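Visitor: I'm new to this. Could you walk me through the structure, one question at a time?

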Amino acid sequence: MMRLAMPVKAMVQRFAFLMLVALGTGLLIIGRADIALTERIRTTVADALAPVLSALAEPLAAGRALAGRAHELFRLHEENARLREENARLLKWQEMARRLEQDNARLRQLLHVTVDPLTSFVTARVVGDTGGSYVRTMLVNAGLRDGVQKGQVAMGEAGVVGRVAEVGQRSARVLLLTDLNSRVPVMLEGSRLRGILSGDNSERPRVEFLPGNSQVSPGDRVLTSGHGGVFPPGLPVGFVASITDGIVRVQPFADYHRLDVVSVVRYDLPRPVAEGEAPALPGRR
Amino acid sequence: MPGLLRRLRGFGRRLAPSLFGIALILLALLPFGLPQFSSVMPLLSVIAVYYWGVYRPDLLPAWAAFALGLVEDALSGGPLGLMALVLALVQGVCVSQRRFLAGAGFVVGWSGFALVAGGAALFIWSVSSLYYLHLFDPRQALAQWALTVFAYPLLAWTFLLAERRMLQPG
């Protein structure tokens, strides 16, 4: 009896193993075809483990902050002097911005300009990165129930980080500007030339589809152009870092390695008002 | 009651390697804030599956390795099914070679791991390149492999302690 049972058991095990390999291969093929199923599997798992990840990420961020603070303590004096100077400079800018804001509002009123739709933020903690795979994404601990939706833009302190690519109930995946599949409509600040910022997994994504013989120089600021209606226009993205053989590369303002929190920007494009849906006026029914 | 307690302990024992695996997957995903580190993060889950596959395959069968890989794929954002396939294959290789590996000393075990990890890194690199139709920098695979091999002794030692403390039968 035993002599018979052993080979049968081994055969069953071998068969089960082959089934697993086939299942893995099948999943890869299905995922390549980009079916919603794979996304649902991902977001379900991410939702389940996001609380654990955020519980682990928090002390990590605190530790990093502590190390940063110790470093700052040593340079308190010069930092103070620098900030004082910067503060004086910024106060002048603030005065100017106020004046310009009033000016702008008055001129817009005169010209009946359509105002950009209101934007609001959802702040989320970065709880995971890619763990050694060949993608450039990060996992954040806010999802549908917090108002995050697919396609929204994630901002760091300094500039655009990426776009929300997948969203679950309480977690979302942000596709970074540097990822192979990232495409963002941008413009150069000075010349208003438009192009597409496309990632190639290197640290510096490149600008494609700029008009021929356009004048670009290193240091030019790059902003979102708002084309396609996904990103609000005018968000800071980065600056032109190098131009070699006609390839323009951009250094993103966002520092991916020090990102603890991101703001996901809600941006609702103005849509035509449907009949019978009059815009609500304040103080009236 | 001692019967129930014993059964609970047995259950915990059987679950321990999988829990180790999940903990390592989460550890690998944490944002450490070091430049470029996340792209060469050691393949910690491969270490776990190799160790248990060689020394205690009864505690982490192929389907459990597959499930661990699926969790890793879902969380890392990589191709779904890739790590599942890799971990199942690693488990299969370990079980088939365990008669040779389990009896030998640490250096042989480590060398065997270097081979397996090299195969895994190469497999991940080539499937990712095919999947995204983009030739990724092979240096990333190489760096990842080197870091994985260096991370092995520390983790293997941890597993060994855990095995001695709580997983010995009886």
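This is a predicted model: local features need pLDDT of at least 70, side-chain atom pairs count only at pLDDT 80 or more; totals for chains, interfaces and linings use all residues.

Guide: Residues are numbered from 1 along each chain as its sequence is written, while chains are lettered from A and ligands numbered from 1 in the order in which they are written.

Visitor: How many residues of chain B are in contact with chain A?

Guide: Two residues are in contact if their C-beta atoms, placed from the backbone, lie within 7 Å. On the chain A side, 39 residues meet that rule. Their partners in chain B number 37 residues.

Visitor: Which element gives the largest share of the side of chain A that touches chain B?

Guide: Helices (H or I, at least four residues) and strands (E, at least two) are DSSP runs, numbered from the N terminus. At least two residues each come from α1 (2–32), α2 (36–74), β1 (119–128) and β2 (137–140) of chain A. The largest share is 12 residues, and it comes from α2(A).

Visitor: How far apart are the end C-alpha atoms of helix α3 of chain A?

Guide: The expected span of a helix is 1.5 Å times one less than its number of residues. Helix α3 (residues 76–111) of chain A has 36 residues, so it should span 52 Å. The model agrees with that, as the end C-alpha atoms are 49 Å apart.

Visitor: Does α3(A) lie largely in the open or is it buried?

Guide: A residue is buried if 20 or more other C-beta atoms lie within 10 Å of its own, exposed if 12 or fewer, and partly exposed in between; C-beta atoms are placed from the backbone. Of the 36 residues of α3(A), the number buried is 0, so this helix lies largely in the open.

Visitor: In what order do the strands of the barrel go?

Guide: Two strands pair if DSSP finds at least two bridges between them. In chain A, 6 strands close into a barrel with antiparallel pairing. The order is β1-β2-β5-β4-β3-β12.

Visitor: Which residue in β12(A) is the bridge partner of A:Val153?

Guide: Strand β3 (residues 153–155) and strand β12 (residues 261–267) of chain A run antiparallel and are joined by 3 bridges. The partner of A:Val153 there is A:Val265.

Visitor: And how many bridges link β4(A) to β5(A)?

Guide: β4(A) is mostly covered, with 7 of its 8 residues buried. A hairpin of 4 residues leads from β3(A) to β4(A), and another hairpin of 4 residues leads from β4(A) to β5(A). In β5(A), A:Arg173 is the bridge partner of A:Glu166. β4(A) and strand β5 (residues 172–176) pair in the antiparallel sense, and the number of bridges is 5.

Visitor: At about what angle does α2(A) run to β1(A)?

Guide: Axes are lines fitted to C-alpha atoms, for helices over the stretch in contact, and angles run from 0 to 180 degrees between N-to-C directions. α2(A) lies across β1, β2 and β4 (160–167) of chain A. To β1(A) the angle is about 75°.

Visitor: Is A:Leu197 buried or exposed?

Guide: A:Leu197 is found in strand β7 (residues 194–198) of chain A. Its contacts, leaving aside neighbours within four places in sequence, include A:Leu177, A:Val184 and A:Val250. With 27 C-beta neighbours inside 10 Å, A:Leu197 counts as buried.

Visitor: Where does B:Leu133 lie?

Guide: B:Leu133 has a positive phi of about 50° although it is not a glycine. With 8 C-beta neighbours inside 10 Å, B:Leu133 counts as exposed. Its place is the loop between α5 (106–132) and α6 (138–167) of chain B.
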